Amino acid sequence: MRVGGSGRGNMKEISVLFLDDEQSVLQSIRRLFADETYGVAVASNCEEAMALLAANKIKVVLSDQRMPDTPGVEFLRQVKSRYPDCVRILFTAYADLLAAEQAINISEVYRFINKPWHPEELKSAVAGAIHYYDIVMENRRLFEETKTKNEELNLANCKLKVLYDVQKEFSSTLSHELRTPLASIKAAIDIVISGTAGEPTAEQINFLGRAKSNVDRLNRLINDILDLAHLESGKNTLERQAGDINKVIQSVADAQESVARAKGLYLKVSLDPGIPVLSLDQDKIIQVLNNLIANALKFTETGGITVSSKTDEGKHQVEVRVSDTGCGIKEEDLNKLFEKFQQLGEAHQRHAGTGLGLAICKEIVRQHGGKVGVESKKDQGSCFYFIIPVKDSSENAIPANGRIDRHS
């Protein structure tokens, strides 16, 4: 139902209902609210009021307590039962403590208003009640909308997980199936190159060398796919034990030093002697360091590589950094580096790898409770780093023999 406003012919939605048995009061209310943007309906008895509630989307109901047919508290209780969203207000000319108590306990009224009311105070109270109703409705709408979006998101995540699991299983199965024929191909190439099947020509050896190189690259890709699949599936659990990460860094640097020297590069270490003993899977950390240093050597033509370690003041975490003086990385490519199968820029395409090495590093460090990162600018070198929390290590009790009992 709509009501006219201020004689201008415009129709307003009824949002407020007043119940009072005094016609003079109802006429005063009509005049008082005539210019408001919302419509106001009045009723002189409960039956009429209920009919108005059924026909309109009422936001606020105001009832006099002293009604001849049904007390205001009882009427508001019925309103609450049938239209629980309506904001309920009780007004009365009597100091009735029992009515106030019942209004709170039974009708759950929004507020009380005493008669005779001040016009501006009444208008302010009604405006506040409408605003309260609108906020409650908006919050409910947002809640339902968020709930729906969350359900859609959960469904999408479930579908993605299923697809991801299928993809991992497919990659793992395919990689296993490819290993045997690749091993046969490589063995056949080696036999021909060695001359066992007859002396090959120089040109044949050249072609066979290229074939062997590609077989080796494909084999590395298969190994990386299997390695990452096992890490992500949780099948490849860490074999942690108490370890000195500085010694691990030094051993990897010593092994890679000859490669650096062959390219005319330096490879030096800068180790913090105050680093505490950590719980590490040393083979996995060696894999991470080898990958980061090999990458640095691959993309550095002059200067060299520095591997450093440090701990914070409270010895809460250990940070290992591999810095180079190489070609650097564009800013827009930094966020892609640790994703799978990423080959960025011309320099990286010239030194093609599997595109999985950094993703494997990220997963290994993550399983140690840490994180990886990179700092780089184009033509200004790069610094790849990983951070391992000391707390994560200390939570795994390390006995005197240096081994961690998984069953404790």
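Tutor: Glu138 and Arg141 form a salt bridge, with 2.6 Å between the closest N and O atoms; the term denotes a side-chain nitrogen of Lys or Arg within 4 Å of a carboxyl oxygen of Asp or Glu. The model is a predicted one, in which local features need pLDDT of at least 70 and side-chain atom pairs count only at pLDDT 80 or more, while totals for chains, interfaces and linings use all residues. Residues are numbered from 1 along each chain as its sequence is written, and side-chain values use heavy atoms, with hydrogens and water left out.

Both Glu138 and Arg141 belong to helix α5, three residues apart, about one turn of the helix; helices are DSSP runs of H or I with at least four residues, numbered from the N terminus. Glu138 is partly exposed at 34% relative accessibility, and Arg141 is partly exposed at 40%, where buried means under 20% relative accessible area, exposed over 50%, and partly exposed in between (1.4 Å probe, protein chains only).

Helix α3 (residues 72–82) holds Glu74 and Arg77, again three residues apart, and these two form a salt bridge whose closest N and O atoms are 2.7 Å apart. Glu74 has a relative accessible area of 28% and Arg77 one of 33%.

Asp134 forms a salt bridge with Lys59 at 2.9 Å, N to O. Because Asp134 lies in helix α5 (residues 119–194) and Lys59 in the loop between α2 and β4, this pair ties together parts that are 75 residues apart in sequence. Asp134 is partly exposed at 32%.

Finally, Lys310, Glu319, Arg321 and Glu375 are linked in a network of salt bridges, and the structure holds 16 salt bridges.

Terms used:
Helix = DSSP H or I, 4+ residues; strand = E, 2+ residues; numbered from the N terminus.
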